[in-house]
Amino acid sequence: AYAEFLREAEKGNKRALHNLGHMTKEGKGALQNYLDALKWWRKAAINGDFWAFCHIGEGFEKGEGVQENVLIAHAFYNLCGAMGIKEGVSMRVEIEKKMSKEQISLAQEIAKDLNFRKQLPIENHKNFIGA
């Protein structure tokens, strides 16, 4: 299945990109690698798979493949919800329980500034948050 998804992913197939993210995260048909999973989901998001935003948010919330960062996680959950994915809204609400009002405000600004068609802050998230 991995080889078939890879062929389709090379054509920009968002579903194939999404599935490669899951396979890579879980180590099913591919070596388990959280950062690579986020990279697949980044490509899926760029190609219009808005569920991928939630998966990227989870990576930042749990620190899987990247340094844990609730601000960036919130921003991606916010984007996921804004694209019509109900679960993105509920994930955002849940993470807000762990955040201060100032953090929530900053995370909302990050979501507004994020231009996912140019670059998602996965490979170098320190640049994304201005650190």
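A: A disulfide here is a pair of cysteine sulfur atoms within 2.5 Å. Note that this is a predicted model, where local features need pLDDT of at least 70, side-chain atom pairs count only at pLDDT 80 or more, and totals for chains, interfaces and linings use all residues. Residues are numbered from 1 along each chain as its sequence is written, and side-chain values use heavy atoms, with hydrogens and water left out.

Q: OK, how many disulfides does the count come to by this rule?
A: One. Cys-54 and Cys-80 form it, with their sulfur atoms 2.2 Å apart.

Q: Which parts does the pair tie together?
A: Cys-54 lies in helix H4 (residues 51-62) and Cys-80 in helix H5 (residues 70-82), so the link joins parts that are 26 residues apart in sequence. Helices are DSSP runs of H or I, at least four residues, numbered from the N terminus.

Q: And is the disulfide left-handed or right-handed?
A: Left-handed, because the torsion about the S-S bond of Cys-54 and Cys-80 is about -95 degrees.

Q: Is Cys-54 buried or exposed?
A: Cys-54 counts as buried, at 1% relative accessibility. Cys-80 is buried too, at 0%. Buried means under 20% relative accessible area, exposed over 50%, partly exposed in between (1.4 Å probe, protein chains only).

Q: Switching topic: at what angle do H1 and H2 pack?
A: About 140 degrees, with the axes of H1 (residues 2-9) and H2 (residues 14-26) 8 Å apart. Axes are lines fitted to C-alpha atoms over the stretch in contact, and angles run from 0 to 180 degrees between N-to-C directions.

Notes: Helices (H or I, at least four residues) and strands (E, at least two) are DSSP runs, numbered from the N terminus.
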